[in-house]
Amino acid sequence: MNHFSFILERLSSRAKNALITSQKLSEDLHHDHIGSEHLLFGIIEEISSFASEILLKNKITPEMVRDEIVRMKLSLYPWMEKRYPLVELQMKRHDCLRWMERNGYPRPPKSACTFCPYNSNDRWDDLRRNDWVAWDEAV
């Protein structure tokens, strides 16, 4: 028996479910690894767990975690590093809106451009199925 099998045998069923959910998300997003972001998603999806309860009480939902994983993709090219300065500054949308208001900028709509190249496959699929006008505009 290898070391990994020994560790898996000792995990609770909820921990195993969280790992399986993490792996499935990574595969669904065509990622070549299971990172801490995938594990966080697996943990929060395990609704009956203590960790999930804490995250949900702090208004962190599975949808929010998944959206961030999809939004903040690593570069596919080794010579390109993607940066997310507002995330690095730990600014949330409401922080940005307050800054814009203090500095006299109009309130922007929440970003949801139908033609955005950063839309996920799920978003494209949703447009194609549920919003034919937006789908026609995008393609």
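Visitor: Is Asn-130 buried or exposed?
Guide: Asn-130 counts as exposed, at 59% relative accessibility. Buried is under 20% relative accessible area, exposed over 50%, and partly exposed in between, with a 1.4 Å probe and protein chains only.

Visitor: What kind of model is this?
Guide: This is a predicted model, where local features need pLDDT of at least 70 and side-chain atom pairs count only at pLDDT 80 or more, while totals for chains, interfaces and linings use all residues. Residues are numbered from 1 along each chain as its sequence is written, and side-chain values use heavy atoms, with hydrogens and water left out.

Visitor: Back to Asn-130, which helix does it lie in?
Guide: Asn-130 lies in H8, residues 121-130. Helices here are DSSP runs of H or I with at least four residues, strands are E runs of at least two, and numbering starts at the N terminus.

Visitor: What do the side chains of Asn-130 and Asp-126 share?
Guide: A polar contact of 2.5 Å. That term is for N or O atoms within 3.5 Å; within protein, one must be able to donate a hydrogen and the other to accept it, and residues adjacent in sequence count only if both atoms are side-chain atoms.

Visitor: New topic: is Ser-22 buried or exposed?
Guide: Ser-22 is buried, with a relative accessible area of 0%. Ser-22 belongs to helix H2, residues 13-28.

Visitor: What does the side chain of Ser-22 reach?
Guide: The backbone oxygen of His-38, at 3.0 Å. Leaving out residues up to four places away in sequence, Ser-22 touches Ile-34, His-38, Leu-39 and Gly-42; contact means heavy atoms within 4.5 Å.

Visitor: And how do the axes of H3 and H5 cross?
Guide: The axes of H3 (residues 36-45) and H5 (residues 62-71) cross at roughly 165° and come within 9 Å. H3 is therefore roughly antiparallel to H5, a label for angles over 145 degrees. Axes are lines fitted to C-alpha atoms over the stretch in contact, with angles from 0 to 180 degrees between N-to-C directions.

Visitor: Which residues make the contact?
Guide: From H3 come Glu-37, His-38, Leu-40, Phe-41, Ile-44 and Glu-45, and from H5 come Pro-62, Val-65, Arg-66 and Ile-69. His-38 is also the residue whose backbone oxygen the Ser-22 side chain reaches.

Key. Angles under 35 degrees count as roughly parallel, over 145 as roughly antiparallel, 65 to 115 as roughly perpendicular and the rest as oblique.
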